[in-house]
Protein chains: 2
Amino acid sequence: MPVTGQLYILSAPSGCGKTTILRQVMNNIPGLAFSVSHTTRQPRSGEKNGVAYHFVTKEAFTEMRDTNSFIEWAEVHGNYYGTSRQAVADQLQNGQDVFLDIDVQGAAIISNDPDFDPVSIFVAPPSLTELERRLRGRGTDSDETIALRLQNAAKEMDAASQYQYLIINDKLADAVLVMQSIIIAQRSHSSRLPDGTAISLETDT
Amino acid sequence: MPVTGQLYILSAPSGCGKTTILRQVMNNIPGLAFSVSHTTRQPRSGEKNGVAYHFVTKEAFTEMRDTNSFIEWAEVHGNYYGTSRQAVADQLQNGQDVFLDIDVQGAAIISNDPDFDPVSIFVAPPSLTELERRLRGRGTDSDETIALRLQNAAKEMDAASQYQYLIINDKLADAVLVMQSIIIAQRSHSSRLPDGTAISLETDT
């Protein structure tokens with residue numbers, strides 16, 4: 001088994017079932033974790049520092065941002081959110097496989113980051129028609145929002161071929177199986193195994 | 001789904017359980033096949049040409065050999081056996097994932113063959129001590145043969161790090177799961193998908 005974890009970057013248009021797939025995969029396979037983001041927003045009741053988020057002041061966040069400590073960051077409704085390079089590295093060092101839920105632009109940046117060697121996965125709907133059906137089925141979005149989501153999805157899918165794996169979420173169980181298979185296979189990839197794994201087999205003769 | 005098959009090259013020291021693993025994997029996953037070798041030996045009763053082997057004359061074999069039609073070939077007990085480049089290509093073209101059971105030297109040659117883009121898998125025992133225990137347990141080999149097999153295994157395992165995947169066959173069910181995962185994951189690898197898979201999603205809007 002690998003001694004350090006594998007970083008996965010995961011992108012999907014909204015409504016493709018990415019969260020549902022990941023939740024099932026995480027139930028079935030041990031050693032998986034989401035990356036823990038830094039945020040300047042106030043902790044909600046029950047949110048522990050370092051679990052849901054790393055809670056930091058705006059000053060601390062700005063300093064991290066200005067010293068290139070974030071893989072990516074964004075401002076949402078006046079609060080800052082960022083993925084710290086060090087936080088991800090610590091999770092990987094602990095032997096966890098870390099999932100980074102990230103958009104197409106962010107994925108392109110971290111794919112070329114020499115500090116990580118991420119495996120990239122794109123989750124796509126079987127078709128835009130089906131995606132529209134699912135978005136309408138949720139009943140949470142206005143017609144305008146759905147039109148915007150579909151427009152974004154078409155754009156994002158143009159980038160899908162840049163990813164190492166493409167999971168088409170037609171049937172949920174199949175998509176879960178493929179995601180699990182990618183993770184299990186990767187744990188036996190020779191790039192993931194400690195140096196000398198094969199040679200160490202000789203020492204007990 | 002990919003339109004053409006994936007070539008897998010598979011090596012393992014004798015006694016590592018490679019055949020048992022593959023048999024179970026082939027029962028569980030459709031679309032897998034062994035490569036069909038060419039041979040100059042006589043067909044046994046019930047052996048159909050093109051299924052167990054492609055049966056050819058010594059002249060035909062020699063001509064194929066001399067025109068570089070074999071990926072690899074060998075003479076065993078006066079008969080010739082060879083893996084034809086075209087036969088493998090035909091199986092792949094039919095959409096089958098093809099397994100090539102091949103030694104370390106043969107694997108190195110075909111890994112660098114631009115006509116194929118093989119995924120290489122090495123199956124190793126948990127240790128040489130355990131391999132010896134298994135070989136003795138079979139009760140089929142003399143002490144001398146076992147000593148030779150262990151010597152060869154140690155040499156072959158030196159080459160294991162050249163393979164893309166290393167499956168350590170400690171528990172059979174785990175090894176089967178890893179092999180299946182490699183195959184399932186590979187079918188969603190972007191290099192395996194037809195050009196424009198993502199773009200084609202847009203056409204039905």
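**Close-ups of chain A**

The crossing of α1(A) and α7(A) is right-handed, a label used when the near helix is turned clockwise from the far one by less than a right angle. This is a predicted model, where local features need pLDDT of at least 70, side-chain atom pairs count only at pLDDT 80 or more, and totals for chains, interfaces and linings use all residues. Residues are numbered from 1 along each chain as its sequence is written, with chains lettered from A and ligands numbered from 1 in the order in which they are written.

**View 1. Helix α1(A) against helix α7(A).** Helix α1 (residues 18-28) of chain A packs on α7(A) at about 55°, axes 9 Å apart (axes are lines fitted to C-alpha atoms over the stretch in contact, and angles run from 0 to 180 degrees between N-to-C directions). Helices here are DSSP runs of H or I, at least four residues, and strands are runs of E, at least two, numbered from the N terminus. Among the touching residues are Ile21(A) and Val25(A) of α1(A), plus Val176(A) and Met179(A) of α7(A); contact means C-beta atoms, placed from the backbone, within 7 Å.

**View 2. Two domains of chain A.** Domain 1 covers 1-31 + 97-188 and domain 2 covers 35-94, with bounds from an automatic or database domain assignment. Their contact takes 11 residues from domain 1 and 9 residues from domain 2.

View 3. Over residues 199-205 of chain A, pLDDT stays under 50; pLDDT is the predictor's confidence in each residue, from 0 to 100.

How values were computed:
Two residues are in contact if their C-beta atoms, placed from the backbone, lie within 7 Å.
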